[in-house]
Amino acid sequence: MSPDHPPGLDLDRLRVLLDRERPGLVTGPLSGRLIEGGRSNLTYAVSDGAARWVVRRPPLGHVLATAHDMRREHRVISALHPTDVPVPRPVLLCEDEEVLGAPFYVMEFVEGTPYRTAEQLAPLGPERTRAAVLNLVDTLVGLHAVDPVEVDLADFGRPEGFLDRQLRRWAKQLDASRNRDLAGIDELHATLGRELPRSPAPAVVHGDYRLDNVLIGGEDDEIRAILDWEMSTLGDPLTDLGLLVMYSSPLGMPDSPVSTTAQAPGHPAPAELIERYAARSGRDVSTVAWYTAFAWFKLAVILEGIHYRYTLGQTVGRGFDRIGDLVPVFIEHGLTTLQEG
């Protein structure tokens, strides 16, 4: 297909749907392009020459019954859009598989930059980088302050036993991709299980909260939108904090195919992020080391899954040959985090 007709996006059928469901929204021929960088669901920018929108759908060839749940993503941004949490304005949910071959939703296009690496942050300079990352913490506090009942998300997840289920889920994922010995990973999993903290009051959890899942723009480098809600649920808010702390910690591995933003000049240290979250949310963060170690474990499992698929010849692109070397690094960081508390 041409760049204006990427795989998985039938613009003619999309136009028919939008004209029927949102008359007058589209004023010219549609073009579309795949937005690179997504890890799972596919994201497209669509334009009629005057306005732009974003289409989100599951990956091609996806078995729908196992859910890359478009309804779930659409529901959470629809619930949060009237609040102060910055999310794109939802336009349409379509669960008719005849249109694009899978359920999908349409939302407004938001201008902004997702900063993925320290190198991308560097041109901002130390002061702007520091402000952007601290704003990331403040925005997370705002998300966790939303009352799920008030935005009709009281049934969005099962907070009871949340951490135990999460730990079991990722252990199961690990077992599904085991084809080599990984020193320390069973110890990390077992220690996390023994030291399971008591969760605070549940909140809307993003599930993958980090700098490159938000769009930053404007003169004040404001966070214009939080993206990629596919792992969102109702659960323990400190899992979001732990993941953010992990992604703000130096890996100590130059030229890693998976990078954090920690080395960018001006980037606040993890301890400052934790202190700011605690001060602004009022939550007890004394067990944050557990949540950070869990984040290291979770990412180790994800990376091992990618490495496993690479060994089977099921990955395409550059850098996959080096993913396997990262897994022991993440395991070691997890163990060290638990030991140091």
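How many nonpolar, polar and charged residues are in the lining of the second largest pocket? The count comes from a predicted model, and it is nine nonpolar, seven polar and one charged.

## The second largest pocket

The space in the second largest pocket is about 300 Å³. Its lining is made up of 17 residues. Those nearest the centre of the pocket are V245, S249, T292, T337 and E340.

Three helices, α9 (270-281), α10 and α11 (323-340), each contribute at least two residues to this lining.

## Helix α6

Helix α6 runs over residues 162-176, 15 residues in total. From first C-alpha to last, α6 reaches 21 Å, close to the 21 Å expected at 1.5 Å a residue.

Buried in α6 are F162, L163, Q166, L167, W170, A171 and L174. Viewed down the axis of α6, these buried residues fall within an arc of 165 degrees, so they line one face of the helix. They pack against α7 (185-194), β9 (233-235), α8 (238-247) and α10 (288-311). On the face turned away from the buried side, α6 carries the exposed residues R168, K172, D175 and A176.

## Residue P265

P265 sits in the loop between α8 and α9. With a relative accessible area of 44%, P265 counts as partly exposed, because that value lies between the 20% limit for buried and the 50% limit for exposed.

Leaving aside residues up to four places away in sequence, P265 touches G125, P126 and T129. Between P265 and E111 there are 24 Å in space, C-alpha to C-alpha, and the two are 154 residues apart in sequence.

Definitions and conventions
Residues are numbered from 1 along each chain as its sequence is written. This is a predicted model: local features need pLDDT of at least 70, side-chain atom pairs count only at pLDDT 80 or more; totals for chains, interfaces and linings use all residues. Side-chain values use heavy atoms; hydrogens and water are left out. Helices (H or I, at least four residues) and strands (E, at least two) are DSSP runs, numbered from the N terminus. The expected span of a helix is 1.5 Å times one less than its number of residues. Buried means under 20% relative accessible area, exposed over 50%, partly exposed in between (1.4 Å probe, protein chains only). The arc is that of the directions from the helix axis to the C-beta atoms. Contact means heavy atoms within 4.5 Å. On a 1 Å grid over the protein atoms alone, a cavity is a set of points where a 1.4 Å probe fits but cannot get out, and a pocket is an open set with protein on both sides within 12 Å along at least five of seven lines; lining residues have an atom within 4 Å of a point. Grid points are joined across faces, edges and corners, and a volume is the space filled by probe spheres set on the points. Ala, Val, Leu, Ile, Met, Phe, Trp, Tyr, Cys and Pro count as nonpolar, Asp, Glu, Lys and Arg as charged, and the others, Gly among them, as polar.
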